[in-house]
Amino acid sequence: MASDATDEELEKQAHEMAEKALPASLPAAAREKKLPAVKQKILERLKAQQAERASKAAAVSGAADPAAGGAAPLSAGLPSAASGLPVGPTAGAPAPPPTSPVVPPPPPPPSEDQAVRLIRIHKVEVCGDEPWFADADVRRRLRESVADAHKEQKILVAPPADEVERICPEDGRVLGAGAVLRLGGAHLGGYGESDIAYAYRQLSRALHPDKNHGLEKAPKAFHRLSEASDELRHGLNEQRTALKLLVAAMGGTATEVMLERPQEALFAEACRLLCAVCGIVCEGEVSHCAQTRAVMKFERSSRIFYSCHLQSLLSEWFERNQLLDLYASACLRTAYDCAPKCFRAQFLCLLNRAAIAEAKRNNDCVRGSWPNIMQAYPELMLWRSLREAIHSRVWDSSGEPLPELPDPATKTEPTKTRSQSRRRSRSRRRRDRSRSKQQRPRRDRRADGEIDDGRRHRDDSDLYQRDRTKSRHYPRGAVAERERKRDYAWESRWTSSDDPALGGAGAGGGGPPPPPLEEEPAEELPPTRDVREAVCVHPTLDLRACRWARKWRSTMMAVLPSGFDSALRLTDAEVRKLGFLLWEDIVAWASKAPDLERVLALFRADDQKETASTSRGIEPGLPTAQWSFVPVSDLFLVVGEGIVGMTTEGIFADKAKGAKRLSLKECCKKPRPWGVTEGSDAEHGKFHLDVCSLTSLQVEGALTCKI
């Protein structure tokens, strides 16, 4: 009776799944005709899964209890240590030697790259360079969303005439293989062999020439359908080969889950490699100690970069073209088209920064593969145009008066109150009186007629050159002679050379010892520029930042730590909030230019309904976003050029060691809750820093800002 009840539940579950599998736009007659067949296939699959689970459970219970009817292993009748029972000697067999208890190995040391929960910025899907490719939850959500999208949206076949017109358009356009089979794209995501076979089977039934004698282009459309399926299968093999190559370059191994639908994994590994290269080459102003810390951080980041070897990765990327050519290939472009928009925008920013790093490394020269990459990703030129516009705005100070830089020769002392001056004058008088007493000479006459003023080690005499027998503390008589000979014999052990200059035997053993070696000076940190000069002036070019740029550059100097001390993660809350505020300011400026408004479309979120396919990879339950991606790292590097550095460890500023840091709230004149955006510029929530009076904002090498 229990089995009958189980069969009824399976039939009910199969019926519900069959109704969901059939599209809602299907006519009622066709739906009733197809429903029993689909239900029967689903029911068979559910029963097979149930039988497999039952066999596994029986095998496990049989291994645990052989008397219950399961097949017992050969060693089932013998006691073992794994059973938890004491093991005693058998009859006629020698007793085994006592064994020491097995001590479990110590737990591994905690990794430095533990996953950190990010603080989401309101109306932003991804803010900054988030390592989504190393987040198991994000990767799992991406794979599940692709599978759900294929289940929910089946291949809808239109009338044969419409399908023929779509595949073979009148204007002579050649439709891509993915568009022919309706596979791929950011809406559905990746695909595999089963998806290709299903799409081909559904479309070939409608476009077969034997069923469409009245359509002249039906044979051509059917032939194009066969070619498209072959192209997609060939592309899958190329994508799997490229995926294995990228994972091997990072020291990992491609799994079966990654190879089933390789588009998501291929795009993730391509982003991982670009992130590793940009972190190793050190972007911006990076000191030697920051480079050393970056190398150590890269070697310990096993969760993000697998077990990649730094030198081998640099050699593979900069000295060979195999990895770089993959980014210009069609297989990676297909994976790019299947990725969500937020991750596509991050990929473009990383790819552009990798090109800039190579040009900086090779004296403004890049390899021949980069023009092919620019052709494969025409969106990259749009982002480069926006970067150049922001760079021109930062260093365009025409029409502004030149700010007066501080003169190190004339140093103004801070004003003191009357009570502070009175207290300091009294303490200074007491200190001067005590110092005069200590410096008063003592006029004691020694045995040799010399006046002893208490300073035993004077500059005009050497303690080791004096004749100690003339001292008043040296003993007299025969004892003194013996001690004198003993002292000279002891000194002759260390000055045995015949060179008189060394005080050896040639000099009678009484010469001065060799001068001591000069100690090497301690390694000093390189001098840093004045904070005000670093904010206002470009370090290499004869350019001066505008007032708008000085506001943001001074904030970066105040919020970021010194590169000699440490670095902030790119996912730090302060870095992300400051980058989002800067992005809002740039968007308000770029929206007024028609040519730059087109570039902002690369980062705007799609105006679509919230479905599983449109919000792939994003945490569920988040509200509709305005921006899919905010390029925080690029904004820091462009606006903070000359003062901001970025490595694998994080982001920092080029300022003195131990400089004081401020929070972003302390730098704001008008703080507001994060994520609240208003309409007008006056209510836009911008914070303005008092950069004009920089002389009063300098505290221990950092830059403070009045609230």
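E8 sits in helix α1, which covers residues 2-21. Helices here are DSSP runs of H or I with at least four residues, strands are E runs of at least two, and both are numbered from the N terminus. E8 is exposed, at 56% relative accessible area. As for the wording, buried means under 20% relative accessible area, exposed over 50%, and partly exposed in between, using a 1.4 Å probe and protein chains only.

A quick word on the background: this is a predicted model, where local features need pLDDT of at least 70, side-chain atom pairs count only at pLDDT 80 or more, and totals for chains, interfaces and linings use all residues. Residues are numbered from 1 along each chain as its sequence is written, and side-chain values use heavy atoms, with hydrogens and water left out.

Back to E8: together with D7, E9 and E11, E8 forms a negative surface patch. Patches take residues with over 30% relative accessible area and no salt bridge, joining like charges within 9 Å and nonpolar side chains (Val, Leu, Ile, Met, Phe, Trp, Tyr) within 5 Å.

There's a positive patch too, made of K33, K34, K41, R201, R205 and K211. Helices α2 (28-64) and α7 (193-207) each give at least two residues to the positive patch, and α2 has the largest share, with 3 residues. R201 belongs to α7 and is partly exposed, at 37% relative accessible area.

Now for the charge pairs. Side chains of opposite charge can pair when their charged atoms come close. The structure has 25 salt bridges, each being a side-chain nitrogen of Lys or Arg within 4 Å of a carboxyl oxygen of Asp or Glu. Here are some of them:

| Salt bridge | N to O distance |
|---|---|
| R182 and E163 | 3.0 Å |
| E269 and R272 | 3.0 Å |
| D337 and R333 | 3.2 Å |

R182 is partly exposed, at 29%, but E163 is buried, at 1%.

E269 and R272 are both buried. They are 3 residues apart in helix α10 (residues 262-281), so about one helical turn separates them.

D337 and R333 are 4 residues apart in helix α15 (residues 330-338), again about one helical turn. Elsewhere, salt bridges with shared partners link D129, E283, R353, R387 and D634 into one network.

Terms used. Accessible areas come from the Shrake-Rupley method with a 1.4 Å probe; for residues, only the protein chains shown count as cover. Lys and Arg count as positive and Asp and Glu as negative; His and the chain ends are not counted. The place of a charge is taken as NZ of Lys, CZ of Arg, CG of Asp or CD of Glu.
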